[in-house]
Each structure stands twice: as C-alpha cells, then as structure tokens.
Amino acid sequence: MIEVNHISKDFVSPKKYPGLRGAIKGLFSNEKIVKTAVDDISFSIEKGEIVGYIGSNGAGKSTTIKMMTGILNPTKGTCRVAGIDPGKRRRENAQNIGVVFGQRTQLWWDLPLSESFTILKEIYDVSDESYREQMAFLNRVLALEEFFDRPVRTLSLGQRMRADLGAALLHNPKVLYLDEPTIGLDLVVKDNIREAIKEINEKYQTTVILTTHDIGDIEELCSRIIIIDEGKKIYDGSLDKLKDTYGTKRKVSMEIRQPYKAKNLDLAKMLDVNTQECLTEYDKENSILTVTFDKHKLQVPQILSAVMEQVEIKDVQIQETELAQIVKEIYNHGAVEGV
Amino acid sequence: MRTCKRYLRLYRVLITQFIKTIMQSKVDFLMGLFGFFFTQIMGIAFLYLVFEQIPSLKGWTLDQLIFIYGFAQIPRGIDHLFTDNVWLVAWRLVLNGDFDRYMLRPMNIFFQVIAEKLQPDALGELLVGTILVVRSLSKGIVITDPLHGILFFVSIFAGALIYTSIKLFFASFAFWIKVSGPFLQLAYETADFAKYPTEIYAKGIRFLITWVIPFAFVAYLPASFFLKSEASGVVIGIECAIAVVFWCIAYAVFNKGTHVYESAGN
Amino acid sequence: MGKRLRIYLPFAANELKRKMAYKGAFYLFIVISLFKSFISYYLWMAVYGSSNQAVIGGLSQSEMIVYVFMVYVTSSVMIPISDAISDDVVKGTVAMNLIKPIDYRLSLISRAVGSMIYNFLAPSVFIWIGVEIYKVTVLGLAPVTVERIILYLISCIMSFLIYVLFDFCFGMIAFFTTYILGLMMVQEALLGFLTGQLIPISFFPQAVQTLFEFLPFSSMIYTPVMIYLGKYSGEMLAFVLARQAVWIVILYVLGSMIWKRVTRRLVVLGG
C-alpha cells in the first residue's frame with residue numbers, strides 16, 4: 001500500500017541572532033542553515049496494517065507523514081501511496097487518504113459540524129448513498145450526533161478529535177494518517193478513539209499510520225512500529241520483539257540516609273550478576289542511589305533488601321522503562337537488527 | 001463538465017456558509033462596510049477641496065476625476081470581495097502551516113483558498129464605485145454607445161483579474177520566504193497612484209504603474225477611454241492582454257510555490 | 001521616577017526589538033509609507049502647475065512640498081494603541097493587566113514610545129534631512145533654524161501624547177463592541193482631514209477652520225508642521241503650544257475617567 005524509498009527532506013532557513021544587537025546584525029546578514037529533517041528513510045507498509053511511527057520531538061515523524069500526504073515534496077527519494085506519487089499527483093492521492101493532525105483541526109472553525117460534513121461530502125465527491133452509509137457507521141463508532149449541530153469551536157478537545165477522525169473517514173480512504181491523535185485527551189476518550197480506529201481498520205482494511213508519544217496507543221493498536229531518530233530509521237519491526245529486547249530493564253531509585261556508606265555499594269557484586277544485568281549509579285548531590293536491572297533476572301525486593309542491609313533508605317521509587325527510554329537506548333546502541 | 005459543476009456546487013455551499021456566519025454578526029458587517037464607504041467618501045471630499053483652488057488639473061475636470069476615482073473602485077472591489085483570502089496566504093497560512101489543509105483535499109488549491117472567504121467590506125468600495133459611475137453617467141460626461149457599454153464590463157472584469165494576479169503573484173512568495181505580506185502590500189498600494197491621471201507623475205513612476213505593476217490599466221487608462229471620444233479602444237485590448245499574461249505568470253508561480261511549500265513545525 | 005522608568009522601559013525596548021526582528025518588512029514598510037507622500041507631492045505639483053496663483057491656502061509651492069514631507073515625518077509620532085486594546089479585550093488579557101501592579105495606560109504608552117522612537121529613527125529622521133537638503137539646494141529656501149527645530153520637537157512630543165491619549169479613549173470602545181476595525185478605518189479617514197495630514201487646514205472654508213480650532217486633532221499634525229514652516233511667531237506660537245498642553249491635560253483626565261468606569265464595569269461583569 002505504501003512504498004517509501006530512500007526519502008530525505010532538507011529545510012533551509014536564515015540564521016537568527018539573539019538580542020537587540022542580534023536583531024540589528026540580522027538586518028545585514030544572509031547566512032543560511034540547512035537542517036536535514038528526514039535522512040534516507042525506506043520502508044513499505046501492507047494493506048490493513050496499523051503501524052506506529054515514533055521518535056522524539058523533532059525526530060522527523062511529521063515531516064515523513066507530510067511527504068506521504070503530499071503536503072511536502074521530498075528533497076531526495078520517492079514515495080508511493082496506493083501506487084500514486086503524492087507529490088506529483090496530489091489530488092488523486094488526496095482522494096485516497098484521510099489525515100488527522102492532533103494539534104490542528106481540518107474542520108471549519110465557525111461552522112456547525114454538520115455543515116463541515118456537508119462541505120466535505122462535496123469536496124470528496126461522496127455519493128448520497130455512501131454518505132448515508134458512512135455517516136451511520138461513523139455515528140456508531142464515534143457518536144457524532146451528540147454534538148453534530150454545534151460549531152466546531154465550541155467542541156471539547158475529545159469531541160473535536162472524534163469529529164476530526166470522522167471527517168477524515170467520510171470518503172472511506174485507503175490510508176489513514178494520524179498525527180498524535182490522542183494528545184491531551186483523557187483516558188476514556190483515548191479508549192474510545194482507539195476502539196474506533198481498530199473497528200475502522202477491521203471493517204475496511206484501512207491502512208493506518210500513527211505517530212504518538214503515548215505507549216498506550218502503540219500497545220493497543222500497533223502490530224508494528226518504526227522508530228526514527230534525528231531523521232534516520234533506527235528500528236522497524238514488531239512491538240513484542242522490541243519489548244523483549246529492550247523493555248526488560250527496570251529502575252529503582254532510593255534516597256539514602258548515610259551518604260558516606262553508599263559510595264562503595266555495588267549491587268551486581270552483592271547479588272552475583274554482571275553489570276549488564278544490574279547497574280548501580282550514585283548521585284552524590286541528592287543522595288540518590290539508582291539501580292537499573294533486568295527484570296527477568298532480579299526482583300525489586302531482592303534489590304531493596306540487599307541495599308537495606310548496608311544503609312538506611314528514606315524513600316523509594318520504582319520505574320518501568322518507558323517507550324521513550326527504549327527508543328533512547330536503541331539510539332545509544334546504534335543500529336538494531338531488523339533494520 | 002462534471003468537475004466544473006462540482007466546483008460550482010461546492011463554491012455555493014462554502015459561500016452560503018460564509019454568509020451565514022456574517023449574518024450572525026450583522027453589526028460587525030455593517031461597521032466594516034461603513035468604514036470602507038467612509039474612507040472612500042473622504043477621498044472624494046479631498047478632490048472637492050483641491051478643486052476649490054483650481055478649475056482643472058492638467059486638463060481634467062473635477063467630474064472626470066471623480067469618474068476615474070469611482071471607476072477604479074469597481075475592479076478593486078470585485079477582486080477584494082472574492083479573493084481576499086489570498087492576503088492570509090501572504091501573511092500567515094504558509095508561516096503557521098495552516099496551508100496544509102488545502103494540500104490535503106482533492107481539489108484545486110487556488111479554488112480552495114478563495115472559496116473560503118468573501119470579504120463583505122468590499123461592498124463599501126463597490127457601492128461608492130457604482131454611485132460615482134452612475135453620477136458621472138447622469139452628468140453625461142461618459143460615452144454611452146453599445147461598444148463602450150460592452151467594453152465597460154470587459155474592462156472591469158480584466159481589471160479585477162489584474163488585481164487578483166498581482167496579489168497572487170506576490171502572495172506566492174510566501175512559499176519561499178514564509179511571510180510575503182510586506183511585498184504584497186508594497187505592490188498593492190501602488191494602486192493608489194493610479195487613482196489620478198498618470199500625467200502628473202514623473203516618467204519613472206508612470207512607467208512603473210503602466211507596465212511593471214500595471215494598475216494604470218485597471219483605473220486611469222480604461223477610464224479615460226470612457227471619457228474621451230478620441231481615445232482608442234486599443235487600451236482595453238491591452239488591458240485584457242495584460243490580465244491574461246499576468247494571470248498565467250501568477251498562477252504558475254503559485255503552483256510552483258505549492259511544490260516547495262515547507263509546512264510548519266520545523 | 002527612576003523606579004517607574006525601570007518598570008516601563010522594558011515595554012518600550014521590547015517593542016523596538018520586536019519591530020526590528022522583521023528585516024524584510026523593515027525596508028519595505030518605509031517605501032510603502034512614503035507612497036502617500038509622493039502621491040500628494042505629485043498631485044500638489046500638478047495643482048500649483050494648473051493654478052494661476054503662486055500661493056494657495058496660504059502656502060507657496062515650495063512650502064507645500066516641505067509641508068507634505070514634514071507631515072510624513074510628524075505622522076511617525078502617531079502610534080495607534082487602540083488596536084492593542086482591542087486585542088487585549090478579545091483575548092481577555094485585560095483582566096490580567098488589572099491584576100499586575102502596572103498602570104495599563106502607561107504600559108500601552110510605553111510600548112508606543114518604543115514604536116515612536118523606531119519610526120522616528122528610521123526612516124523619519126532621514127526623510128527630514130532629505131527635506132532640508134532638497135529645500136536648500138533645489139528650492140533655494142533658507143535652512144531651518146536650531147530654535148525652530150527645538151520648538152518643532154517639543155510640539156511633536158506633545159502631538160504624540162495627544163494622539164496616544166486620544167486613541168486610548170477611542171480604544172475603550174473595544175469594551176462595548178467586539179468589532180472596532182470598522183471604526184478604526186473611520187477614525188483614520190477622519191483624522192486624515194482633521195489633523196491636516198491629507199490637506200492643510202487652511203484649505204478649508206473659514207467656518208470649518210474655526211471649528212477645527214476647537215478640536216484636539218489639528219494639534220496632532222498641523223500645529224507642529226506649521227511651527228516648522230515658521231508660520232507662527234510671538235504670541236500665536238505660545239498660544240498653539242499652550243493649546244497642545246491643554247489638550248494633553250484634558251485627554252489625560254478624560255481617559256482616566258473612562259478607564260475607571262470601564263474597569264468598574266469589568267469587575268462587575270467578571271471581565
């Protein structure tokens with residue numbers, strides 16, 4: 001369904017200087033900065049897949065999506081969506097895709113939602129019959145009736161997101177792009193949105209590509225994830241495999257009463273494992289001892305009792321490794337198998 | 001044909017919506033209208049004061065100048081009414097990435113841009129323009145044979161197209177430099193020069209507003225054709241040619257611009 | 001005074017910085033702002049060319065040229081603040097301003113000072129110098145005296161205050177209607193006449209001129225420009241300067257009164 005071949009995107013911008021003197025200097029300077037937002041990325045996505053496209057802020061996620069939707073033209077490389085080059089045949093491509101940008105609505109701000117749908121019906125040339133059918137379906141999964149007659153600007157964030165999702169699906173697109181679709185939503189609404197996406201995917205075999213910072217979105221929806229960092233693809237594979245390989249670390253942070261004793265603590269030695277499986281770090285300034293360990297090898301109580309044999313603990317915090325951290329770790333380790 | 005119908009239908013839907021929104025704030029609408037109307041009236045009052053001191057200006061009478069002034073408002077008002085959203089492209093749609101939404105829909109981008117907004121303030125200009133032209137007609141200073149009548153409407157249409165082309169051309173710079181508002185404003189405001197007979201200006205300025213940013217062909221030159229029997233209709237022909245050429249250039253630049261559009265967030 | 005300056009100076013400095021950040025616009029707006037002056041210049045040249053009198057409305061052709069461009073220089077002190085008020089009202093940030101221990105009007109005026117300095121330094125001073133050079137070399141008039149420059153600048157500073165204080169009162173309309181844009185256009189068009197910006201007030205019929213004498217607007221532009229042209233001397237000069245000062249006081253008091261009423265209303269309505 002989607003073929004991306006060695007795609008790159010550069011942005012060129014004039015250099016800016018800080019301060020009042022900088023502003024004066026800026027008047028006379030013409031220096032340029034080139035930033036490569038996407039750097040030689042390739043992947044292919046099959047019909048009906050739901051793919052999570054993740055990376056830190058500014059990693060190039062949105063830029064890639066924008067190239068696949070035809071908003072941006074790639075600097076290098078090619079991209080095909082349902083056999084069409086979005087940059088060259090924008091209009092045909094637009095008919096095939098639906099897009100939701102979490103932070104920005106595609107709807108008409110001052111118009112009642114119902115009117116937005118009337119306009120979209122015309123824009124996408126949807127026949128009366130399929131309009132009725134699709135609206136019935138969307139109403140069922142997104143419950144749009146609740147606020148169908150209200151102007152878009154009066155909708156809550158959750159309602160607006162449902163409305164936007166509905167609007168993107170009215171013409172039953174082959175591919176659906178979701179850029180942070182659950183950002184800022186509460187848990188219940190998040191769940192509704194995820195359910196709706198799942199249902200749409202099942203019913204129409206819609207290919208879904210979603211960017212998100214929310215691990216819940218990924219776990220609920222995605223069978224496959226692609227991770228990019230600084231414009232480069234660093235992981236492409238199943239979520240399970242990623243978690244097996246990298247999500248095994250847990251972290252315990254302990255605030256300690258007798259800082260002088262903490263210096264020589266080495267949990268790995270005490271528990272008889274190697275440092276890969278159990279890493280001890282000590283933050284002198286805050287008297288915090290952090291132990292990062294493999295959850296298949298060790299348990300939290302083991303760590304705690306080992307430490308408490310030596311020093312007194314004031315406070316404890318246990319952290320599961322977050323997806324963002326896994327991503328960071330992958331990046332620090334360089335390329336991963338499967339790329 | 002089918003596509004054309006679809007566009008027309010969509011335009012109607014969009015504009016109906018827009019009119020509904022305006023009607024929700026009638027006072028705002030009337031105030032804007034009044035503001036424009038008033039500004040134009042002041043322009044006329046200025047001419048009156050000047051002509052208190054002199055019988056004619058470089059051979060033009062007050063009545064003739066008022067016709068030129070009023071005639072100039074009509075193509076300007078038409079363009080203003082229908083394509084005002086182009087200003088937003090120049091000032092912020094490209095900068096903040098809102099232009100994305102046009103790129104995502106399976107329709108002509110320029111159409112989407114202009115279909116999104118009607119500028120009701122423009123009715124103020126159209127109203128003043130019409131009143132002044134009607135006044136001139138009643139004074140009998142305008143030539144009214146059928147040929148001039150037809151060319152009158154041709155000229156207004158071509159003039160509006162020249163306005164739109166100049167606006168679109170400069171607005172399209174935004175795709176390269178993010179904000180092209182100041183450039184657009186520079187070009188747009190040269191139109192003020194063309195409210196008066198170009199004979200009063202230095203050669204350089206006359207050349208600029210006749211051939212580079214050809215607002216003279218929107219206002220003063222065609223208007224003088226309707227005032228003076230010895231003036232040749234060729235001027236309307238040139239006006240049309242300029243309209244077509246400028247439109248093609250502006251539209252090509254706009255299209256090229258949408259291909260280098262960078263969106264926002266980087 | 002020192003403390004006040006410390007509080008309000010950043011408003012002015014920020015405004016100056018903000019304006020300088022747009023470098024392309026910086027040059028272009030200078031050119032655009034000169035358009036109107038050049039149109040008037042050519043129009044007046046043609047008017048004097050078509051007239052059989054050498055002096056129209058009390059001004060010779062050379063004086064008219066100086067008038068047109070000195071109007072441009074003087075206009076740079078007319079910094080609108082009503083648009084900022086309207087913005088604050090629409091965004092609801094006025095209430096925020098009430099909480100801060102800052103005088104709202106003073107903060108707006110400080111911002112306007114920043115804009116004014118910016119406008120005055122670039123391009124007005126250069127246009128001014130240009131006018132003087134043109135006047136002496138081409139028109140063959142005597143250069144302006146230091147004394148008159150000082151009087152002109154004093155008058156300009158008062159013009160600035162009259163305008164911003166007036167525009168503050170005008171901006172209060174924003175509290176009653178959300179759509180002030182249409183009114184701003186009306187204001188601009190009217191001021192073009194009433195201040196002498198578009199055409200010297202001496203061109204109006206005598207009755208209208210007398211009426212204008214009783215309005216604050218002629219003090220905004222016409223007065224300083226006529227001072228610069230040396231049209232006033234002795235008692236008359238003292239009178240027009242005193243009239244400017246009186247308008248500052250009147251508009252200041254008027255603004256305070258309206259503001260008090262508006263804020264009371266704001267508190268009642270919960271702004």
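Predicted model: local features only at pLDDT ≥ 70, side-chain atom pairs only at ≥ 80, totals over all residues.

Student: New topic. How many residues of chain A are in contact with chain B?

Tutor: 26 residues of chain A are in contact with 20 residues of chain B.

Student: Which elements of chain A supply at least two residues each to that side?

Tutor: Strand 2 (32–45), helix 2 (61–69), helix 3 (90–96) and helix 4 (113–123) of chain A. Helix 4 of chain A gives the most, with five residues.

Student: And how do the residues on that side of chain A divide?

Tutor: 10 are nonpolar, eight are polar and eight are charged.

Student: On to the cores. How many residues are in the largest nonpolar core?

Tutor: That core has 206 residues. B:I162, B:A194, B:A219 and C:V164 have the most contacts inside it. Its largest share comes from helix 8 of chain B, residues 146–172, with 12 residues.

Student: What is C:V164 in contact with, leaving aside neighbours within four places in sequence?

Tutor: C:I79, C:I81, C:I109 and C:A112.

Student: Where does A:F293 sit?

Tutor: A:F293 belongs to a second, separate core of 11 residues. That core also includes A:I256, A:L289 and A:V291.

Methods: Residues numbered from 1 in each chain as written. Chains lettered and ligands numbered in written order. Contact = placed C-beta atoms within 7 Å. Helix = DSSP H or I, 4+ residues; strand = E, 2+ residues; numbered from the N terminus. Nonpolar A, V, L, I, M, F, W, Y, C, P; charged D, E, K, R; others polar. Core = buried A, V, L, I, M, F, W, Y, C linked by C-beta atoms within 7 Å. Buried ≥ 20, exposed ≤ 12 C-beta atoms within 10 Å, placed from the backbone.
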